[in-house]
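Here are a few friendly notes to read alongside the model. Have the sequence and the 3D view open as you go.

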Amino acid sequence: MGVTAAVAAVVGTTYAVYSGEEAKKTQKQAIQRQEVAQTQQLEQAKEVAATSQQNINKANQRRPDTQAAMADATMAGSGGASGTMLTGPQGIDPQQLALGKNTLLGG
């Protein structure tokens, strides 16, 4: 009986090692499948977020205020031909442009 018990112990140990290795392989495959699933879910979440942002941007489009631009242009034009935002309707005094000396170019 001693030999039979020893053989049974060896077979039992071998099966336990084999079973452990198979469980390890199965667990490794499950982890890999879960990583793939998580990566896919992350990509889908990114796509959903991008689509949501595009929809929000589409709903909240900024449009130019053409009426205000026209009103500003009309007000600016009422100052006359020489009027600008910087000089106003009176234009620029030619004396302010003189540099204080007489030159051939300045007169």
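**Notes on the model**

1. Let's begin with the surface. The protein chain exposes about 10000 Å², and carbon and sulfur atoms supply 60% of this area. Such accessible areas come from the Shrake-Rupley method with a 1.4 Å probe, and for residues only the protein chains shown count as cover.

2. A word on the source. This is a predicted model, where local features need pLDDT of at least 70, side-chain atom pairs count only at pLDDT 80 or more, and totals for chains, interfaces and linings use all residues. Residues are numbered from 1 along each chain as its sequence is written, and side-chain values use heavy atoms, leaving out hydrogens and water.

3. Next, the fold. The protein chain has three helices and zero strands, in the order α-α-α along the sequence. Helices (H or I, at least four residues) and strands (E, at least two) are DSSP runs, numbered from the N terminus.

4. How much of the chain is buried? Of the 107 residues in the protein chain, 4% are buried. Buried means under 20% relative accessible area, exposed over 50%, and partly exposed in between (1.4 Å probe, protein chains only).

5. Now look at helix α1, which covers residues 2-59 and contains V11. V11 counts as exposed because its relative accessibility is 52%.

6. Finally, find the salt bridge between the side chains of E22 and K25, at 3.7 Å from N to O. A salt bridge is a side-chain nitrogen of Lys or Arg within 4 Å of a carboxyl oxygen of Asp or Glu. The count by this rule is one. Both E22 and K25 lie in helix α1, three residues apart, about one turn of the helix.
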